[in-house]
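Visitor: I am new to this structure and would like to learn how to read it. Please take me through the features one at a time.

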Amino acid sequence: MKIVVCVKQVPDTKGGVQFNPDGTLNRAAMLTIMNPDDKAGLEAALRIKEENGAEVTVVTMGLPKADEVLREAMAMGADKGILVTDRVLGGADTWATSTTLAGAIRNLEYDLIITGRQAIDGDTAQVGPQIAEHLGLPVISYAQNIKVDGDAVVIERQYEDRYHELKVTMPCLITALSELNEPRYMTPGGIFDAYEKDVTVWGRPDLKDVDDANLGLKGSPTKIAKASDKVRKGAGEKVVLDTDEAVAYLMGKFKEKHII
Amino acid sequence: MNTMGLEEYKGVYVFAQQVDNVLDGVAFELLGKAKDLAKDLDTDVTAVLIGSDVKGLADELAVYGADKVIVVDDPQLKDYRTEPYAHALSSVINEYKPDIMLVGATAIGRDLGPTVSARVATGLTADCTVLEIGDFPLVAAPGKESEQKHNQLLMTRPAFGGNTIATIACPDHRPQMATVRPGVMQKIAPIEGAKANIVEFNPGFEPNNRYVEILNVVKAVKTAANIMDAKILVSGGRGVGSKENFKLLDDLAEVLNATVSCSRAVVENGWQPVDLQVGQTGKTVRPQIYFAIGISGAIQHVAGMEDSDLIVAINKDEDAPIFDVADYGLVGDLNKIVPALTAALKAEMA
């Protein structure tokens with residue numbers, strides 16, 4: 001079978017967010033990583049490959065530097081990497097991003113497409129379901145378990161208070177949760193091989209059945225009106241009171257804030 | 001994308017999420033916000049109720065401010081599945097042409113929203129915390145005043161793990177769609193006895209390859225609480241002193257219907273399991289209220305909780321760094337303050 005995994009290179013917000021002295025985000029100082037949900041999706045694909053045999057192709061859209069994330073995926077065991085990069089694709093919102101990725105995936109054969117649920121920079125969880133919609137595929141979001149069963153996949157789809165065990169005939173698209181698995185490390189041999197292999201680079205002309213009007217900043221229905229780094233909030237009030245006064249103080253604040 | 005005839009799109013619509021024929025609280029919160037927006041736009045509020053045998057829930061939506069309720073009722077819609085729900089909601093949008101469509105940012109809404117937005121070819125802004133009506137661009141470029149659009153939905157959301165904030169508009173497409181984090185908007189005071197103005201609509205549900213099969217519905221037995229979903233966290237650190245002394249925090253958490261979490265030192269001491277750990281090596285949380293009790297506030301801990309809406313710190317060390325991020329800091333003995341606070345809250349809520 002053939003599996004396509006979509007991954008994104010993201011700034012590492014968890015491993016230590018760096019701030020400038022004025023409280024704004026120091027992006028240049030932040031490392032980049034493979035988005036965690038995507039990595040879980042890749043791991044799921046690699047496990048299917050080991051159990052059932054599969055060819056795993058990793059696709060990313062980004063700047064030329066995003067080549068790194070494909071090398072990492074190949075060092076983990078992915079067979080092929082495709083980088084979709086073009087100036088006209090910049091500034092894309094989720095609609096334009098999903099349109100682009102769908103345009104790339106239309107060139108590929110696939111039984112299963114796996115994306116992460118969401119990326120840690122945007123946190124939208126939109127691109128996976130939107131790719132499925134553009135390709136006319138069934139989508140199962142928030143997968144916490146994936147098992148291949150003949151020409152179908154059985155998936156545990158997580159909700160706040162339950163999960164649904166779903167069965168869907170391939171082809172389909174699944175969005176993966178980080179808790180799906182513990183992704184493997186790259187192996188030294190894998191890293192060596194990954195840099196021997198070629199990454200395929202696609203630009204705008206390689207996207208299939210895509211209208212220019214739906215790409216990049218121009219093709220994004222949502223527009224940023226204002227963006228700002230959140231200035232970190234400083235200390236509030238600190239009081240030294242005896243127990244009864246301290247409790248009365250806090251109860252007063254809670255009432256003021258309509259918490260109680 | 002069809003960008004013609006934007007003026008045909010009218011009204012503020014809310015997806016009224018129900019599960020097992022019980023409306024989700026976020027539906028009422030969205031109606032409350034929708035009322036504000038509708039007032040600014042001089043229009044009305046419509047709830048879209050999708051499910052099987054759900055008509056009986058419509059009055060409850062009227063009680064919380066829905067002027068009209070569109071009911072899509074079909075046996076195919078019994079349990080949530082992306083396809084029949086997306087078909088239902090996008091058909092409602094195509095038929096009734098709302099100006100604004102709000103959806104809760106739940107595990108359902110964050111799947112339904114993107115699918116529907118792609119299907120009706122409009123933008124969607126995820127996990128909004130502020131919604132208001134205003135101009136786009138916010139300030140017109142000189143000489144281009146006539147190009148500025150008025151009465152636009154301005155959607156503000158955090159990104160970058162909460163480190164940046166963006167305000168987003170969808171000026172050339174309709175509906176303007178947003179998902180909204182649960183617990184952020186306020187529901188209105190109930191209008192007792194309100195009766196829904198119901199419109200029934202069924203676009204037809206013919207199963208196809210996109211209708212997945214539900215083999216099993218497994219409801220979670222409440223085991224390890226997910227601290228990332230908690231609205232209130234009562235978090236303890238080394239200062240709590242022992243595993244047994246977490247009882248003080250359990251009691252406070254019970255009164256507030258909160259969840260207990262902890263710092264890394266607590267996990268290392270074996271007082272609490274690692275699932276409950278907040279911080280750089282644990283989980284990043286952003287509850288509405290975070291109690292930091294006996295937590296000194298090392299940078300690794302703060303990184304995981306500083307985006308909480310309100311932080312209350314209780315620590316006997318006046319110089320503890322946790323006070324640098326706390327909204328309300330109490331310097332004192334947690335063994336005295338926590339039980340007294342629990343008792344006061346219990347009395348208040350009785």
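Visitor: What percentage of the residues in chain B is buried?

Guide: This is a predicted model, and the values here are computed from it. A residue is counted as buried if 20 or more other C-beta atoms lie within 10 Å of its own. By that count, 52% of the 350 residues in chain B are buried. In chain A, which has 260 residues, buried residues make up 49%.

Visitor: How many helices and strands does chain B have?

Guide: Chain B has eight helices and 18 strands. Chain A has six helices and 13 strands. As for extent, the C-alpha trace of chain B spans about 65 × 60 × 40 Å along its principal axes. The corresponding span of chain A is about 70 × 40 × 40 Å.

Visitor: What share of the contacts in chain A with a separation of 6 or more joins residues 24 or more positions apart?

Guide: In chain A that share is 70%. For chain B, the share of such contacts is 65%.

Visitor: How should I read a sheet, and which strands form the one with 10 strands?

Guide: Strands of a sheet pair through backbone hydrogen bonds, either parallel or antiparallel. Here the sheet is open, with mixed pairing, and its order is β11(A)-β5(A)-β4(A)-β1(A)-β6(A)-β10(A)-β7(A)-β8(A)-β9(A)-β13(B). β11 (199–202) of chain A and β13 (213–219) of chain B stand at the edges with a single partner strand each, so one side of each has no neighbour in the sheet. From one strand to the next, the twist averages 30 degrees.

Visitor: Over how many bridges do β1 and β4 of chain A pair?

Guide: Strand β1 (residues 2–6) and strand β4 (residues 55–61) of chain A pair over five bridges, in the parallel sense. One bridge partner pair is A:I3 with A:V56 in β4(A).

Visitor: Which strands does helix α1 of chain A lie across?

Guide: Helix α1 (residues 36–52) of chain A lies across β1, β4, β6 (112–116), β7 and β10 of chain A, and runs at about 150 degrees to β6(A). α3(A) also packs on the sheet, where it touches β1, β4, β5 (80–84), β6 and β11 of chain A. The direction of α3(A) makes about 145 degrees with that of β4(A).

Visitor: How is an interface described, and how many residues of each chain are in contact with the other?

Guide: The size of an interface is often given as the accessible area lost when the parts come together. Here the description is by residues in contact: 66 of chain A with 74 of chain B. The elements of chain A that each supply at least two residues to its side include α3 (94–105), α4 (127–135), β12 (223–229) and α6 (243–256). The largest share, eight residues, comes from β9(A). This side of chain A divides into 29 nonpolar, 18 polar and 19 charged residues.

Visitor: Which strand of chain B pairs with β13(A)?

Guide: That is strand β18 (residues 328–331) of chain B, which pairs with β13(A) in the parallel sense over four bridges. A:V240 stands opposite B:V331 in β18(B).

Terms used
Residues are numbered from 1 along each chain as its sequence is written. Chains are lettered from A and ligands numbered from 1 in the order in which they are written. This is a predicted model: local features need pLDDT of at least 70, side-chain atom pairs count only at pLDDT 80 or more; totals for chains, interfaces and linings use all residues. Two residues are in contact if their C-beta atoms, placed from the backbone, lie within 7 Å. Ala, Val, Leu, Ile, Met, Phe, Trp, Tyr, Cys and Pro count as nonpolar, Asp, Glu, Lys and Arg as charged, and the others, Gly among them, as polar. Two strands pair if DSSP finds at least two bridges between them. A residue is buried if 20 or more other C-beta atoms lie within 10 Å of its own, exposed if 12 or fewer, and partly exposed in between; C-beta atoms are placed from the backbone. Axes are lines fitted to C-alpha atoms, for helices over the stretch in contact, and angles run from 0 to 180 degrees between N-to-C directions.
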